[in-house]
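The structure is shown first, and the description follows.

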Amino acid sequence: MLDLINDLLWGKVLIALLIAVGIGFTLLSRFVQFRYFGRMFRILGAGHAFKRNAHGHLSSFQALLLSVAGRVGGGNIAGVAVAITLGGPGAIFWMWVVGLMGMATSFLECTLAQAYKTAEPDGTYRGGPAYYISRGLGSRWTWLAALYSILLLVTFGFGFTALQSYAVATSFGDAFGIPVHYTGIALAVLVGLIIFGGVKRIARVTEVLVPIMAVGYLVIAIAVLALNVALIPDAILLIVHSAFGLEQAVGGGIGAAILMGVKRGLFSNEAGLGSAPNVAAVAYVPHPVNQGIVQSFSVFIDTLIICSATAFIILLSGAYDPALGAGVDGVALTQAALADHVGEWGRSFVSIALLLFGFSTILYNYYLGENSLNFLSRHNRLLFNAFRIAVIGLCAWGATTNLGTVFAFADVTMGFLALANLIALILLIKPGLRFMRDFDEQLGAGVKRPTFAAEKFADLDIDPEAWALEPEDRQPAAAPSPATPQ
């Protein structure tokens with residue numbers, strides 16, 4: 001039954017919706033992910049992107065790293081290998097397509113999350129799909145917001161937390177011979193020490209951890225590419241030929257390549273899934289579009305850079321034979337491929353990278369679950385602490401359990417999660433475009449740092465307390481623009 005639902009969701013419904021939202025918003029926004037690509041670096045290069053404001057809100061850069069911590073996980077190491085094994089090298093091409101279109105989708109969902117965020121009594125923000133569904137679509141859609149929160153809690157808070165623990169523990173067991181229950185206990189202790197400190201402590205940890213793990217992995221990938229520079233054109237041709245069914249001996253042909261590319265691409269970069277907007281909403285930014293642009297860049301980092309690095313490590317190695325496919329799959333394929341390039345220490349390196357990726361993703365998954373609980377039951381400290389204890393227990397239990405059924409179930413709930421969010425995004429494209437045009441108009445008028453005035457959107461359910469700008473961001477008051485009927 002799980003396989004049947006998975007085939008229906010991922011093989012038909014979600015592919016159509018992902019393409020519709022990704023291409024549709026790309027066209028309506030005049031290719032926003034390409035127009036603003038240079039601005040991504042300018043926003044992150046400005047000092048204010050790193051600064052917490054007077055209330056201790058996360059900076060734009062911290063929110064980016066927290067979302068990258070979630071996007072960059074086992075999917076970048078094991079997921080890419082699975083995609084190549086089951087869909088052939090052509091799956092990587094479709095992962096790139098999903099990534100490029102996903103940059104526009106992520107821009108839309110994260111801009112909406114910022115615009116519809118709410119201010120909490122302790123000075124922090126909360127936001128995400130549940131909030132932009134309930135506030136943006138109105139009370140008639142509260143049921144969808146609640147359903148989304150439940151699915152997010154089950155998928156990320158519980159299912160994917162156990163799966164990340166399993167992936168890390170089995171990888172360490174293969175590389176170092178460490179019993180999986182020891183790894184599970186160590187993970188549980190470390191995670192417990194961090195999550196009881198709340199989102200600010202999680203952000204401080206990821207601020208250090210994410211750059212180290214991403215840069216370290218990319219340095220190895222660049223070294224592999226340099227050693228095999230003459231073979232890179234052949235690898236690219238193999239990817240393109242396989243993507244369009246021209247290498248039928250590889251994988252399952254064009255259908256398998258598209259299916260695995262879309263599925264693993266979304267699993268890796270999460271654009272359209274609605275998970276990253278939960279993190280994007282917690283940052284202080286002068287305009288919602290700022291964080292939309294920054295989060296669009298995180299999709300680029302995940303899919304176009306890190307997933308591609310893993311793909312080339314595999315395809316340029318002797319561990320993968322294009323005519324026969326791979327003799328191993330999952331993380332073992334990535335380990336074997338890197339060992340083929342650099343020696344046996346490559347297996348250990350992949351295990352350590354997977355540990356860092358998996359650990360940061362567990363922290364991210366915890367925050368998503370906490371945000372869901374906050375929407376369903378505001379400020380219930382007892383419930384929050386019970387969830388924290390459950391996450392710690394899942395880290396220990398997941399490391400020692402065969403999670404095949406859990407993975408299949410999480411795939412189904414992730415599919416419904418994406419379905420709920422994509423429907424909401426389609427219904428909220430108009431206000432998303434309004435926020436973007438407001439940003440565009442300010443840039444066109446010569447404003448170097450556009451700001452968001454909640455009163456200009458009086459017809460939308462914007463929380464004005466969440467848009468109390470810092471003194472340096474305040475501009476002279478302007479007359480409200482005419483309300484646009486929704």
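In this report Ala, Val, Leu, Ile, Met, Phe, Trp, Tyr, Cys and Pro count as nonpolar, Asp, Glu, Lys and Arg as charged, and the others, Gly among them, as polar. The model is predicted, with local features needing pLDDT of at least 70 and side-chain atom pairs counting only at pLDDT 80 or more, while totals for chains, interfaces and linings use all residues. Residues are numbered from 1 along each chain as its sequence is written, and side-chain values use heavy atoms, with hydrogens and water left out.

**The cavity**

The structure holds two cavities of 30 Å³ or more. A cavity is a set of points, on a 1 Å grid over the protein atoms alone, where a 1.4 Å probe fits but cannot get out, and its lining residues have an atom within 4 Å of a point. Grid points are joined across faces, edges and corners, and a volume is the space filled by probe spheres set on the points. The second largest cavity has a volume of about 30 Å³. Its lining consists of Ala130, Tyr148, Ser149, Leu152, Asn278, Asn371, Ser372 and Phe375. Helix H8 (142-176) and H16 are the elements that give two or more residues to this lining. By class, the lining has four nonpolar, four polar and no charged residues.

**Helix packing**

Helices are DSSP runs (H or I, at least four residues), numbered from the N terminus. Axes are lines fitted to C-alpha atoms over the stretch in contact, and angles run from 0 to 180 degrees between N-to-C directions.

| Helix pair | Angle | Axes |
|---|---|---|
| H9 (residues 180-195) and H16 (residues 345-376) | about 45 degrees | 11 Å apart |
| H16 and H17 (residues 381-398) | roughly 150 degrees | within 11 Å |

For H16 and H17, the angle makes the helices roughly antiparallel. Angles under 35 degrees count as roughly parallel, over 145 as roughly antiparallel, 65 to 115 as roughly perpendicular and the rest as oblique.

H9 meets H16 (contact means heavy atoms within 4.5 Å) through Leu187, Leu190, Val191, Ile194 and Ile195 of H9 and Leu355, Phe359, Ile362, Leu363 and Tyr366 of H16. This contact has ten nonpolar, no polar and no charged residues.

On H16, Ile362, Tyr366, Gly369, Glu370, Leu373 and Asn374 meet Leu383, Phe384, Phe387, Arg388, Val391 and Cys395 of H17. The residues of that contact divide into eight nonpolar, two polar and two charged.

Definitions and conventions:
1 Å grid on protein atoms, 1.4 Å probe; cavity = no way out; pocket = protein on both sides within 12 Å on 5 of 7 lines; lining within 4 Å.
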